[in-house]
Amino acid sequence: MTPQDGLPQPRRSLAAIAILLSILVTVLDTSMINVALPAIARDLGVAPASVIWLSNGYQLVVVATLISFASLAEIIGFRRVYLAGFVLYVCASLACALAPSFPALLAARVVQGIGASAVMALTAGLIRYTYPGSQLGRAIGFNTLTVALAGAIGPTLGSTILALGPWPWLFAVGVPLGLAATILGGLTLPETPRAHRRFDAVAAGLAALGFGLLFLGIDLAFALPWAGAVLMAGGIAAGTALIRRDFTRPAPLLPLDLLRLPPIAISALASVCAFAAWSLGFVSLPFHFIANGHDQATTGFMMTPWPVALAVAAPLAGRLSDRLPTALLCMLGGGTLAVALGLVIALPGAAPVVMLGLAVGLGGFGFGFFQTPNNRTMLSAAPKARSGGAGGMQATARLLGQTIGTTLTALIFQMGGGPKLAMAAGAGFALAAAGISMLRRKI
C-alpha cells in the first residue's frame, strides 16, 4: 500500500479512533443540549423563544462557514484546520460550562459552532486520506454508525446527566473526550497535499452572507414573514455574487467545478432529497403517535428503532458499496424509506406498538442504506486534491435537505395538513432520491 492510498496500520486505526471520537463529542453535545434547553431557560431566566437560539445560532454559524473551512484546508492542510477547529470547539465547551449569563453562553455556543464547522467540513476528506480506496465505503459506514449511535443515546444521556447535576455538566462532560481526541489526532492524522493558491477571503465572506442569510430567512419565514423574505433575498443576492465570482476559477471556494462531474451532482441532489425525507418523516413521527393516543414514553420507545436500524444499516451498506453499484443500493435505500413512511401512514392508530416500531425501524434502515453509498460516491468521484470541497459539499447538502424538510413540516402543520401529510411528502422525497440515484446507471 502506498502512502497515498491510506495510512499504514496501526496508525490508520488510531487516526480513525481520533476522527470517530471527535464526531462522537460533537453529535452527543448537540443532541444533549436540545434536551437541556428548558432547564437552561429556567435557570438563566430567559424566554423559550430566546433559549432556542443556543441551537439556532450554533447551526447558523456551521452553515455559514462550512465551505470556507473546506477550501482553507485544501490550502494549508486538512490536519491543521481540523485540529485547530476541534481545539476551538473543546475550549468553547468549557466556556459554555462556565458561562455566568445567557449572553456569555450564547457567545460560547457561536464559537462552538465555528469549531464544529471545521470538524464537519473535513471529516469526510480525512477519512479518504486515512483509509485505502478499497475500504472507503466501510469507513464511511463506521462514520454514519457513530453519528447514529450518538444521536440515539444523546437525549437519554443528557436526561441522565440533568437528573444528577446542573446543565453546565452537559458541556463539561465532553471536554476530557475532546482533549483525548485532540492529542490522538495530533499524533496520527494524515498530512495532506496543499494547493498552491491563496484563500479567497471575499468569496468566504459572500458564502457566509449567502448561506447565513438564506438559512436565517427560512428559519424566520413563519414568525416574521417580511423579515424572512428580506433575509432570503439578501442571501440569494450574495449567493449569486459568489457564483459569478467563482464560475471561471479552476478551484473555486464554492465547489462548482465538482458539480460539473455528473456522479457528484447526482449524489448531491439525491442527498438533499434524502435528508429532506428524513426531516419530514422523523420530525412528524412523534406528532403522529401522540395524535393517535400514545403517551410520551411509548412514543419515545417507538422512535428508538429508527436510529438503531440506521446504525445497523450504515456499516452493512458501507461494505456493500465497496463491491456493488451505488445506483442499486441507493435505489433500495430510498425505496425502503418511502415504503416505511407509507406503512406508518397506512397502519391504524390502534395498531400494536411493536408493529409501529418495526415500521419506524424500516425507515431508519432504508435511510442508513441510502446514506453511506451515496456519500461514498460523492467523495470518491472528486479528485483527491479536492476532497475538502467534496466534504464541504456533502455537509452542505445534508444541512440544506434537513432545512427544507423541517421548513416544509412547519408549513404543512401551519396549513392544517398534519403529520400524515408531512410523512407523505417525506415518502415523495425518498422516492425522488431513489429515482435520482438511478441516473448513475446512465453515466
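Helix H1 meets helix H8 through Arg11, Leu14, Ala15, Ile17, Ala18, Leu21, Ser22 and Val25 on the H1 side, and through Gly174, Leu177, Gly178, Ala181, Leu184, Gly185, Leu187 and Thr188 on the H8 side, where contact means heavy atoms within 4.5 Å. The helices themselves are DSSP runs (H or I, at least four residues, with strands being E runs of at least two), numbered from the N terminus. H1 covers residues 11-44 and H8 covers residues 174-188, and the two pack at an angle of about 150° with their axes 8 Å apart. That angle makes H1 roughly antiparallel to H8, since angles over 145 degrees count as roughly antiparallel, under 35 as roughly parallel, 65 to 115 as roughly perpendicular and the rest as oblique. The axes are lines fitted to C-alpha atoms, for helices over the stretch in contact, and the angles run from 0 to 180 degrees between N-to-C directions. The crossing of H1 and H8 is left-handed, a term used if the near helix is turned anticlockwise from the far one by less than a right angle, with right-handed used if clockwise.

The model is a predicted one, in which local features need pLDDT of at least 70 and side-chain atom pairs count only at pLDDT 80 or more, while totals for chains, interfaces and linings use all residues. Residues are numbered from 1 along each chain as its sequence is written, and side-chain values use heavy atoms, with hydrogens and water left out.

In the segment before H1 lies Pro10, which is joined to Gln9 by a cis peptide bond with omega of about 0°. As background, most peptide bonds are trans.

Helix H4 is another element to follow. Its 21 residues should span 30 Å at 1.5 Å a residue, and its end C-alpha atoms are 30 Å apart, which agrees; the expected span is 1.5 Å times one less than the number of residues. Among the buried residues of H4 are Phe78, Tyr82, Phe86, Tyr89, Ser93 and Cys96, where buried means under 20% relative accessible area, exposed over 50% and partly exposed in between (1.4 Å probe, protein chains only). What covers the buried residues of H4 includes H1, helix H3 (53-76), H5, helix H7 (168-172), H8 and H17.

Ser93, placed in H4 (residues 78-98), counts as buried because its relative accessibility is 4%. Its side chain makes a polar contact of 2.8 Å with the side chain of Gln112, a polar contact being a pair of N or O atoms within 3.5 Å; within protein, one must be able to donate a hydrogen and the other to accept it, and residues adjacent in sequence count only if both atoms are side-chain atoms. Leaving aside neighbours within four places in sequence, Ser93 is in contact with Gln112, Phe171 and Val175.

Ala99 sits in the loop between H4 and helix H5 (102-130) and counts as buried at 13% relative accessibility; not counting residues up to four places away in sequence, Ala99 touches Ala104 and Leu105. Thr192 lies in the loop between H8 and helix H9 (201-220) and counts as buried at 8% relative accessibility. The side chain of Thr192 reaches the backbone nitrogen of Phe78 at 3.1 Å, and, with neighbours within four places in sequence left aside, Thr192 is in contact with Gly77, Phe78 and Tyr129.

Trp306, in helix H14 (residues 305-321), is buried with a relative accessible area of 3%. Leaving aside neighbours within four places in sequence, the contacts of Trp306 include Trp278, Leu285 and Val360.

Helix H18 (residues 418-438) has 21 residues and reaches 31 Å from its first C-alpha to its last, close to the 30 Å expected at 1.5 Å a residue. Its buried residues, among them Gly418, Met423, Ala430 and Ile436, pack against helix H12 (262-291), helix H15 (326-346), helix H16 (353-380) and helix H17 (387-414).
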